[in-house]
Amino acid sequence: MQTLEIKDLVIDYGIIKAIKNVNLKVDKGTIVAILGANGAGKTTLIKSVSGAVRVSSGSILYKGDNITNKDAHIIAKKGILQSPEGRMILRGLTVEDNLLVGAYSLKSLKQTVMVNGVETTKTIGKKERIAKLLEAVYGYFPVLKERKKQQASTLSGGEQQMLAIGRALMGDPELLLLDEPSLGLAPLIVRDIFEIITKIKESGRSILIVEQNAYQTLKIADYAYVLELGKIKIEGKAHELLSNDELVNAYLGQKK
């Protein structure tokens with residue numbers, strides 16, 4: 001089942017075409033990577049999915065529903081949430097307050113459950129959902145729980161990245177958008193972040209990740225697209241791209 005499908009997407013910045021007829025798919029429960037150098041159009045592409053960038057032509061389908069050029073808050077309510085490049089931590093708020101901001105659009109949720117072999121509809125209230133999501137986020141990022149009352153602006157770069165991802169998870173997304181989660185982080189922290197991204201996928205969420213760290217990303221992704229000057233230069237299963245040394249050296253930089 002496809003969570004996301006992008007068809008013939010074009011994004012213009014005046015006379016400059018930032019994205020040129022891009023086609024992309026994200027299957028449910030997979031990690032799909034968008035790779036490429038600075039200026040390739042990666043961030044522009046992912047922002048078009050979250051509603052932060054307007055599309056000139058083409059379409060973006062989420063679970064079959066056309067969300068092209070919908071307002072960002074509408075897209076978020078549908079279950080698509082982004083952890084932005086640069087983290088955008090809310091200064092003046094504690095770690096936990098930052099996380100709770102991510103849950104602003106949550107509502108009560110009706111679920112069908114089996115009770116003694118009979119299907120029953122159960123309502124999960126907003127407070128209960130927030131409590132469960134907080135527990136899950138603190139499970140992924142124990143350091144955030146330790147520092148939940150601390151001013152978020154005093155966290156290290158790696159901790160702020162964890163907070164940015166955690167805040168997006170607090171909206172209970174079906175599709176999580178990650179924009180350069182390894183940017184500016186030490187290698188050991190990058191390894192930890194990528195391990196957690198894999199765990200988030202294993203919980204059933206779909207992930208679309210934009211990254212310059214191609215080698216590490218291909219190790220956790222299921223499928224990848226390589227962008228060059230707004231066009232998809234190559235695509236394929238991540239493990240196949242990773243094993244192609246010539247391709248990696250030509251388009252993604254040498255393996256590390």
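Helices (H or I, at least four residues) and strands (E, at least two) are DSSP runs, numbered from the N terminus. This is a predicted model, where local features need pLDDT of at least 70 and side-chain atom pairs count only at pLDDT 80 or more, while totals for chains, interfaces and linings use all residues. Residues are numbered from 1 along each chain as its sequence is written, and side-chain values use heavy atoms, with hydrogens and water left out.

Helix 6 is mostly covered, with twelve of its 13 residues buried (under 20% relative accessible area, with exposed over 50% and partly exposed in between; 1.4 Å probe, protein chains only). Among the buried ones are Glu159, Gln160 and Arg167. What do they pack against? The buried residues of helix 6 pack against strand 6, helix 3, helix 4, helix 5, strand 9 and helix 7, contact meaning heavy atoms within 4.5 Å.

Take helix 7 next. Its axis and that of helix 6 come within 10 Å and cross at roughly 15 degrees; that makes the two helices roughly parallel (angles under 35 degrees; over 145 is roughly antiparallel, 65 to 115 roughly perpendicular and the rest oblique). Axes are lines fitted to C-alpha atoms, for helices over the stretch in contact, and angles run from 0 to 180 degrees between N-to-C directions. On the helix 6 side, the contact is made by Gly158, Gln161, Met162, Ile165 and Leu169, and on the helix 7 side by Ile189, Ile193 and Ile200.

Six strands form an open sheet in the order 6-9-10-3-11-12, with mixed pairing (two strands pair if DSSP finds at least two bridges between them). Strand 6 and strand 12 stand at the edges with a single partner strand each, so one side of each has no neighbour in the sheet. From one strand to the next, the twist averages 15 degrees. Strand 3 and strand 11 run parallel, joined by four bridges, and Ala33 stands opposite Ala224 in strand 11. Helix 6 touches strand 6 and strand 9, its direction making about 170 degrees with that of strand 6.

Finally, look at Glu180, in the loop between strand 9 and helix 7. Glu180 is buried, at 4% relative accessible area. Leaving aside neighbours within four places in sequence, its contacts include Lys42, Glu85 and Gln161.
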